[in-house]
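Take a walk through the inside of this protein.

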Amino acid sequence: MSQVLGKPQPEDEDDDEEDELVGLADYADGPDSSDADPDSGAEEGGERGVPRPAPRPGTISLPSAKLGVGRGWMLNQLDPFSTEVKPRILLMGLRRSGKSSIQKVVFHKMSPNETLFLESTNKICREDVSNSSFVNFQIWDFPGQIDFFDPTFDYEMIFRGTGALIFVIDSQDDYMEALARLHLTVTRAYKVNTDINFEVFIHKVDGLSDDHKIETQRDIHQRANDDLADAGLEKIHLSFYLTSIYDHSIFEAFSKVVQKLIPQLPTLENLLNIFISNSGIEKAFLFDVVSKIYIATDSTPVDMQTYELCCDMIDVVIDISCIYGLKEDGAGTPYDKESTAIIKLNNTTVLYLKEVTKFLALVCFVREESFERKGLIDYNFHCFRKAIHEVFEVRMRMVKSRKVQNRLQKKKGATPNGTPNVLLQ
């Protein structure tokens, strides 16, 4: 990246920043990868097994699949040569704790009121989330009644490839049984994979008073950590979030979970810090426009009200674009490289949205007096956008290189442990 924010310079002057970006390593697999199960058939779609209808023009849909835990499917997931394995997020908890509702609201834009009619999940549901190179993972929704520690169930395979484990606790119910299951799940998972991020969603807090919320979180936090300490596992870290599908708390909690799975996060945060400091911007978020998860923000503290305003702005932009931004025949997309929006609030603050990639948007909070220098902000945004695309390019080069290496290994006819493949006649 050859430009300095706020100070135009010749493009061939300096490549120090690009050298720094090339040093990034350990990326997840590319957005072109697909883990769809060919046998899922009509099971793809809603929770009730109804085939998903074709999306209307202007709507945004995500691929999903429902899977059983068949042996052939397990072997496919365990193939070390495969470049299509993405970081996993496991959704676990007791029955009726709200796991499927969370998934539908966050990743399918389902209205919270509609989740009241969802049937109870009776098998493992897997969904691929590949909105962009930064938001690229799988979500596995586990039914509460499944005993995944049964001897016939290969829980080691599941935990071995997991990036984050979200355990959902119903705050409006007696949570003693949930805490016992949480302890069992965490201890077993940690023995298999010490790198898992353990996240606890204290869910359905919309029905609790503020004092009751704080007391419930304190009690669950204390009991869960005491159980780990009694087992000699004090080094296991649990993160706790108060969540509800009826406000933006579930989106913010999921944002923090997903950020831990993004290896480029420090680079993104650094770019945002440079951008806002040179542009007179108070706060900036890098959003995934489909799920409204913010994948990065600057180093200043996040205010819940600020985050809610950003989410509402994205909804407004997408909805209006779906109505007025498409051609008469419905062709085109509601969000493209020309997408931009300015909303002036009644407290001398301006909300400014700009497209970064076809799935990412930058949403900024700017004071009116600072927004008078819009030309400077736009120039600095151009530099920021170019840097983001450079991060994409570095990552894609590494993914392509990894795929070539894996292809060569397969052609040599050797398995990952070095033994030759034997062809059965």
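**The core and its rings**

The largest nonpolar core holds 69 residues. Those with the most contacts inside it are I89, F201, F254, L286 and F384. Such a core is a set of buried Ala, Val, Leu, Ile, Met, Phe, Trp, Tyr and Cys residues joined through side-chain atoms within 4.5 Å. Buried means under 20% relative accessible area, with a 1.4 Å probe and protein chains only. At least three residues of this core come from each of domain 1 (88–261) and domain 2 (265–404); the bounds come from an automatic or database domain assignment. Apart from it lies another core, of 34 residues, including F142 and V200.

The model is predicted: local features need pLDDT of at least 70, side-chain atom pairs count only at pLDDT 80 or more, and totals for chains, interfaces and linings use all residues. Residues are numbered from 1 along each chain as its sequence is written, and side-chain values use heavy atoms, leaving out hydrogens and water.

Now the rings. The whole structure has 14 aromatic pairs. Rings of Phe, Tyr and Trp (its six-membered ring) pair if their centres lie within 6.5 Å; planes under 30 degrees apart count as stacked, over 60 as edge-to-face and the rest as tilted. F275 and F384 form a tilted pair, 5.6 Å centre to centre with 35 degrees between the planes. F275 is buried, at 1% relative accessible area. F384 is buried too, at 3%. One aromatic cluster is formed by F107, F137, F201, Y241 and F254.

Terms used:
Buried < 20%, exposed > 50% of the residue type's maximum accessible area, 1.4 Å probe, protein only.
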